[in-house]
Amino acid sequence: MKSQSMKYLRAVAVLSACSLGFVLVSHAQGPNDTGSETVAKPKNKKKTDTPDAPAQPASTDLPKIPSQYSKKDAVPTNIPTFSTDATTVTVDVSVLDSKGHPIPKLGKQYFRVMEDNVPQQLTGYSVGEAPMTVCMVIEFSNKFQQIYGETWYQTITAAYSFAQSLKPEDYLAIVAYDLKPEMLSDFTTDRSQTAEALQRLRYPGFSEANLYDALTDTIDRMQAIEGRKAILLLSSGVDTFSRQTFDQARRAIQEGGIPIYAVGLMQSMRDRMANESITLLQADSQLKTFSTETGGMAFFPHFITELPQIYGTVSQSLRSQYVLSYVPSNLTRDGKYRKIKVELIDPETNQPLKITDEKQKPLKYSIVAKAGYKAPRAIE
């Protein structure tokens, strides 16, 4: 029994020695170093110069060009700097006869521009027909445009008539207002979009008609538009609850410089609206002020049949314009309003120009141009 136990212990010892030898041999060979890298980066080892180390490739980076000035140094005063105070003022001018037709072929020498009663030297002059970019601003309030009422019908007819009078290349946007303005369609030449926008003019909402807010908001939207642009306003001229006062709106409209062509509504209904007579007379005066001071015109039709002639006059006035530009003699950047007056003069006599028709009869004419602009402010 004892001899068998001794034999068993010897066998276990031999097997343990063989296993230990196998483990030692495996550890000496080490793991295969072809596995994937870990996320953690090993620490950089110190480089040692050994004869067996491969030579490092030479750097291909070019040496940095030294700067004359460091970041801490101030810019020296002897470096030239450039600035300009020049401001170019552009004035779109329409010269119309007594029937509203444009008078063509007037040369640059016949125009004189006065700024605050000081004659200015013209630097630019051009003339020609151009497409129109117009935003039609429509009063659509429950105050006057009750559904299927007379003013509702007049407003809808006037809006559709103007849209139909445009040429294919003209851009048109639609804005309707009551308590607040809403853009029904953006500027587009796609008349189907215009038709969809006008179809929304069915049920007036609020009884407010905030004209001042609608005009100033539209002018802000149109500031970034280049080229000839205008506002066609279909309105009673009444403002009920705008955030802005008349003076604030008037100042913003003057500074905006976008001509307003106003069509006063409800002219044939005045005798039946005795309670609103004074309000409507004041409203007409406001429309005239906004139009005159922006270089536009105001119309007060009594009948719908007058609309085609009115829109024809607007079209001719916008398409056939003289574009004058000058650098103002007053370059003070004070942000003040500068008055502009455009005149036609005889360059030989320096007197008002006399224009005659084909029969050599004196021709009465009117000059349509914006009344002024706001000078820029100094940059602080």
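The model is predicted: local features need pLDDT of at least 70, side-chain atom pairs count only at pLDDT 80 or more, and totals for chains, interfaces and linings use all residues. Residues are numbered from 1 along each chain as its sequence is written, and side-chain values use heavy atoms, with hydrogens and water left out.

The pLDDT (the predictor's confidence in each residue, from 0 to 100) averages 80 over the protein chain. At least 70 is reached by 77% of the residues. Residues 12-60 stay under 50, and the model gives them zero contacts beyond four places in sequence. Residues 79-84 also lie below 50; this stretch has two contacts beyond near neighbours in sequence. A contact means heavy atoms within 4.5 Å. Where pLDDT is low, the predicted coordinates should not be read in detail.

The protein chain holds seven helices and 15 strands. These are DSSP runs, numbered from the N terminus (helices: H or I, at least four residues; strands: E, at least two). Of the 380 residues, 38% are buried, meaning under 20% relative accessible area with a 1.4 Å probe, protein chains only.

Six strands build an open sheet with mixed pairing, in the order β7-β6-β5-β8-β9-β10. β7 (181-188) and β10 (298-299) are the edges; each has a single partner strand, so one side of each lacks a neighbour in the sheet. Two strands pair if DSSP finds at least two bridges between them. β5 (residues 133-139) and β8 (residues 229-235) are parallel, with six bridges. Valine 137 has leucine 233 of β8 as its bridge partner. Helix α2 (residues 150-165) packs on the sheet and touches β5, β6 (171-177) and β8. Its direction makes about 175 degrees with that of β5; axes are lines fitted to C-alpha atoms, for helices over the stretch in contact, and angles run from 0 to 180 degrees between N-to-C directions. β6 and β7 run antiparallel, joined by five bridges. Three residues separate them in a hairpin. Leucine 172 is opposite threonine 188 in β7.

Buried residues of helix α6 (residues 277-294) include Leu280, Leu287 and Phe290. Their cover includes α4 (211-222), β8, α5 (246-256), β9 (260-264) and β10. Just after α6, glycine 295 has a positive phi of about 85 degrees.

Definitions and conventions
Buried < 20%, exposed > 50% of the residue type's maximum accessible area, 1.4 Å probe, protein only. Expected span 1.5 Å × (residues − 1).
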